[in-house]
4 protein chains.
Amino acid sequence: MVSESFDQVRARVQASFDRQGLMKHLGAELVNIEPGTVTVRLTHRPEITQQDGFIHAGATSSIADTAGGYAAMTVMDPGDNPLTVEYKINLMSPARAPVLEAVATVIRSGRTLTVCSVEVFGVYGDQRSIIAASQQTLYRANET
Amino acid sequence: MVSESFDQVRARVQASFDRQGLMKHLGAELVNIEPGTVTVRLTHRPEITQQDGFIHAGATSSIADTAGGYAAMTVMDPGDNPLTVEYKINLMSPARAPVLEAVATVIRSGRTLTVCSVEVFGVYGDQRSIIAASQQTLYRANET
Amino acid sequence: MVSESFDQVRARVQASFDRQGLMKHLGAELVNIEPGTVTVRLTHRPEITQQDGFIHAGATSSIADTAGGYAAMTVMDPGDNPLTVEYKINLMSPARAPVLEAVATVIRSGRTLTVCSVEVFGVYGDQRSIIAASQQTLYRANET
Amino acid sequence: MVSESFDQVRARVQASFDRQGLMKHLGAELVNIEPGTVTVRLTHRPEITQQDGFIHAGATSSIADTAGGYAAMTVMDPGDNPLTVEYKINLMSPARAPVLEAVATVIRSGRTLTVCSVEVFGVYGDQRSIIAASQQTLYRANET
């Protein structure tokens, strides 16, 4: 069914990410794309904060949702478009770190529905600690 | 315990909202603040889209989370700061509308934890239809 | 598509409920079936408690999940079988009441996915107060 | 703060589990208690089924919730009672297996709130596959 190389999958994921106005507006970057797992990075700046100056839960959620969507895309066929059905996120610590990384992993890939587990880490140089965890359900839309 | 007028509560909610860099960056506005319920509005523009040009789930979630946080603040005491513990959101239809409104309502207000129900509507002139629903838990932090 | 009367829908829902070993084992009853909404009742007894003698969150969740599934069935076609994809439940107060009622309502009915909102009430005679709220996603399986 | 040995923690967890009428009524057993992780096992029987004869999502959720609660108890102090604030569960495959095991792990332990990740496996002899995943928030009640 899938006749692409994984480099083609990567190019497809990157091209879709680049069409997301929100990711650009927040300053998020795709930093890793592997089969079934994708990492999105976000750097602290005043435009993405909540009232106390930490990164807003909405920004944290945005990269978690996006990482999950593209992790799902890596296990789908060309022409399939993963749409978020729902997700739940626990914000376990304030997002004080200068950099966040959302690491999404596919835990169930079905014909119609895909489930991802996403961890968001606060990154301080070489150190990282988990600040949020999400569980997400995606629907495989087919555009062809 | 609460000796403020509701106008003072409103001013406190608005001032906190105005300190959220993310809300300004997304172009979101606080359009209604009543006891136990708050509405946040977001207007479509290219900076908040996903890959198909609709409003990104992360932007939808950001206003849902913010509306819930400030609905919680309206039932808390001065000096209390509502922090999102977790939320779950169902994205029931693509966010095609030119304007979204997130309407949050407190459904349980406890000493430590508050629970909000949030509905996000797509607004087309006089018409509106629900596009997302969220259930959120907040923690009452006290800064004094 | 649906040529049944609503009495036929009711009979179909009741027959399916009666095949659920768990509902019988817990002592749960279907007490209302209307288009898009279903109520399931559960009466306190020692067999359904947690460590403090209140009704266990698992029992509360079981009737919430079941009520949502059958609310979804009322808006589906004959031969469609609603399967729970996921749900989230907030347990807002201890389940101290002698009787619980889970009232589920369909908030989005799609071709593949249905979303229900479920409220669980503690019932004391004529009085009732909300003790839990759930949001649930169901998949329409077709057995024909 | 904690002056107990882990054997004392185990005894405390087991004693609390044994007071849960629901776990006994479902036939669930505590099969592993380690610091920060607990496993609960459930064996298929007609009393815990849904309409198709598989284990009911409510029974699956019940052992997931219980495993998470006791995983949280292993990292709390004597006298602390973990209460479920909320959880979200994805039911990824039908529970066809003869035995289920819910394995809960604490992913964040705070002063007031604890977050657990729970995986439920279908067990067929030596083989197991994940059938559900849950994310749960617990509140530390103190009874002393």
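Let's start at the interface between chains A and B. That contact takes 28 residues from chain A and 28 residues from chain B. Before I go on: this is a predicted model.

What supplies the chain A side? Helix H2 (21-26), H3 and E3 of chain A each supply at least two residues of the side that touches chain B. E3(A) gives the most, with 8 residues. By class, the side of chain A that touches chain B has 14 polar, 9 nonpolar and 5 charged residues.

Next, symmetry. How is chain A laid on chain B? A turn of 180 degrees does it, with a shift of 0.0 Å along the axis and an RMSD of 0.0 Å. The two copies are thus related as by a two-fold rotation axis. The same surface serves both copies, and 100% of the contact residues of chain A recur in chain B. Which residue of chain A comes closest to the rotation axis? That is Lys88(A), at 2.0 Å, taken at the C-alpha.

Now the strands. E3(A) and E3(B) run antiparallel, and 5 bridges join them.

Zoom out. E3(A) and E3(B) stand next to each other in an open sheet of 12 strands, with antiparallel pairing. Read the order with me: E1(A)-E2(A)-E4(A)-E5(A)-E6(A)-E3(A)-E3(B)-E6(B)-E5(B)-E4(B)-E2(B)-E1(B). What stands at the edges? Strand E1 (29-34) of chain A and strand E1 (29-34) of chain B do. Each has a single partner strand, so one side of each is left without a neighbour in the sheet.

Let me walk through some of the pairings. Begin in chain A. E2(A) and E4(A) are antiparallel, with 7 bridges between them. There, Arg41(A) has Glu101(A) in E4(A) as its bridge partner. Step on to E5(A). E4(A) and E5(A) also run antiparallel, joined by 10 bridges. A hairpin connects these two strands through 3 residues. Within this pair, Val103(A) stands opposite Glu119(A) in E5(A).

Cross over to chain B. Strand E5 (residues 113-124) and strand E6 (residues 127-142) of chain B run antiparallel, and 12 bridges join them. The position to look at is Val123(B), which stands opposite Arg128(B) in E6(B).

What lies across the strands? Helix H3 (residues 57-74) of chain A does. In chain A, H3 lies across E1, strand E2 (37-43), strand E3 (80-91), strand E4 (99-109), strand E5 (113-124) and strand E6 (127-142). H3 of chain A also lies across strand E3 (80-91) of chain B. The helix runs at about 40 degrees to E4(A).

Last item: chain C. The contact between chains A and C takes 6 residues from chain A and 6 residues from chain C. E3(A) gives the most to the chain A side here, with 3 residues. That side divides into 2 nonpolar, 2 polar and 2 charged residues.

To close, back to E3(A). E3(A) pairs with E3(B) through 5 bridges. E3(A) gives the most to the side of chain A that touches chain B, and also to the side that touches chain C. Thanks, over to you.

Conventions: Residues are numbered from 1 along each chain as its sequence is written. Chains are lettered from A and ligands numbered from 1 in the order in which they are written. This is a predicted model: local features need pLDDT of at least 70, side-chain atom pairs count only at pLDDT 80 or more; totals for chains, interfaces and linings use all residues. Two strands pair if DSSP finds at least two bridges between them. Helices (H or I, at least four residues) and strands (E, at least two) are DSSP runs, numbered from the N terminus. Two residues are in contact if their C-beta atoms, placed from the backbone, lie within 7 Å. Axes are lines fitted to C-alpha atoms, for helices over the stretch in contact, and angles run from 0 to 180 degrees between N-to-C directions. Ala, Val, Leu, Ile, Met, Phe, Trp, Tyr, Cys and Pro count as nonpolar, Asp, Glu, Lys and Arg as charged, and the others, Gly among them, as polar. Copies are superposed by least squares on the C-alpha atoms of residues with pLDDT of at least 70 in both.
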